[in-house]
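Q: Please take a close look at the aromatic rings in this model. How do they pair, and what sits around them?

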Amino acid sequence: MSTAAPINLLDFDAPGLAAFFASWGERPYRATQITKWVHQQGVIDFTAMTNLSQALRARLGAETVIQVPEVVTLQESNDGTLKWLLRVSGGNCIETVFIPENDRGTLCVSSQVGCALNCSFCATAKQGYNRNLTVGEIIGQVWLAARHLGQHPKTQKNITNVVMMGMGEPLMNFENVTAAMRLMLDDNAYNLGRKRVTLSTAGVVPAIDRLREECPVALAVSLHAPNDALRDELVPINKTYPLAELMAACKRYVGSNPHDLITFEYIMLEGVNDSPALARDLVKLLRGIPAKVNLIPYNPIAGADYGRSPLDAINRFRLELNKADILTITRKTRGDDIDAACGQLVGRVEARSARKRLHAMESRP
Ligand code: SAH
């Protein structure tokens, strides 16, 4: 008998699953049937998949698994935000957040155990980096939340939007993140429109171009500063891919599609990046790019010495952008009483290797 880990069917997107069944001599429609059972019906018990032959069910049961991350805790914030702590292999834990609003429900999904980018204001960065999540661990977050929300008596909410804004840098886990996003978009799985799936990046420029070609979902860019000197300090990957390159990639991303725009996230750090002069620099930087700006009030984290910009500073900053007709919203802080707000996700990261990785990245080939 083989001792290799069994195949997890959750690791396949639709083309992957079709190829897998082809290798068993099964017809491609088996992939559609399984995808519907797992992602639409929430069924992961092969014996309940009644439109598959007995023999196929038995073989699937013997040779494969459908394995979702294990729920360690589920916390509910005063404002209804939910946060799952999920165990993935190697003693690691990740976090997933559901944010209910009147007209939508947004699931914030993690892409890595920890993060290697070391942004100066982010709690995930302080945890270090362990590894990329598998496809099954990424889509498993959506599966678990969808199952929970379908059964939860108080929050009969659906997931209408997914944002890849949890732990990790999704573009540093390109293959697995795009496979999972293909399942989010798949009619036979979660059937979300491509504008309802948003990938947020700190600015991995070559991967932005690849995303445009291979899986063009909505793009958000964590900008946080309008000049290289300041951005180098806050978002160190800027030293590898400076603003001119990042902005050029953003222009290419929206390219010829007049309905698309890029969301620029801008954390508001008191006295650091929140002056009206910097807002005017931001206006200049965004010239020629269809843009929306999300101002994110800084959520205090351990180990960082920043303060949250006062509301009047945020409003003054926003005014400069509004004067230039740039659509700007101030993101509401949600779930901060359970550390579920932007930048507060930590999970549990074993065997950290962040610094090594970061140095490798800073010396660009
Ligand atoms: N690595 C990706 C995905 C994470 S998204 C990225 O950087 O885009 C998480 C968002 O929360 C990012 O915009 C991040 O910059 C922001 N964030 C991080 N720490 C924060 C904090 N302490 N307060 C508010 N926002 C924060």
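A: Start with what makes a pair. Rings of Phe, Tyr and Trp, taking the six-membered ring of Trp, pair if their centres lie within 6.5 Å. Keep in mind that this is a predicted model.

Now the cluster. Phe12, Phe20, Phe21 and Trp24 form one aromatic cluster. A search of the whole structure finds six aromatic pairs. One of them is Phe20 with Trp24: their ring centres are 4.8 Å apart and their planes meet at 50°, so this pair is tilted. Planes under 30 degrees apart count as stacked, over 60 as edge-to-face and the rest as tilted.

Are these two residues buried or exposed? Phe20 has a relative accessible area of 7%, so Phe20 is buried. Trp24 comes to 15% relative accessibility and also counts as buried.

Compare another pair, Tyr298 and Tyr306. The two rings are edge-to-face, with 80° between the planes and 5.9 Å from centre to centre. Tyr298 is buried, at a relative accessible area of 1%. Tyr306 is partly exposed, with a value of 24%.

Go back to Trp24 for one more contact. The charged end of Arg59 sits over the ring of Trp24, 3.9 Å from the ring centre. So Trp24 belongs to the aromatic cluster and also has a charge over its ring, because the CZ of an Arg counts when within 6 Å of the ring centre and within 35 degrees of the ring normal. Elsewhere, the charged end of Arg147 sits over the ring of Trp143, 5.4 Å from its centre.

Terms used. Residues numbered from 1 in each chain as written. Predicted model: local features only at pLDDT ≥ 70, side-chain atom pairs only at ≥ 80, totals over all residues. Heavy atoms only, no water. Buried < 20%, exposed > 50% of the residue type's maximum accessible area, 1.4 Å probe, protein only.
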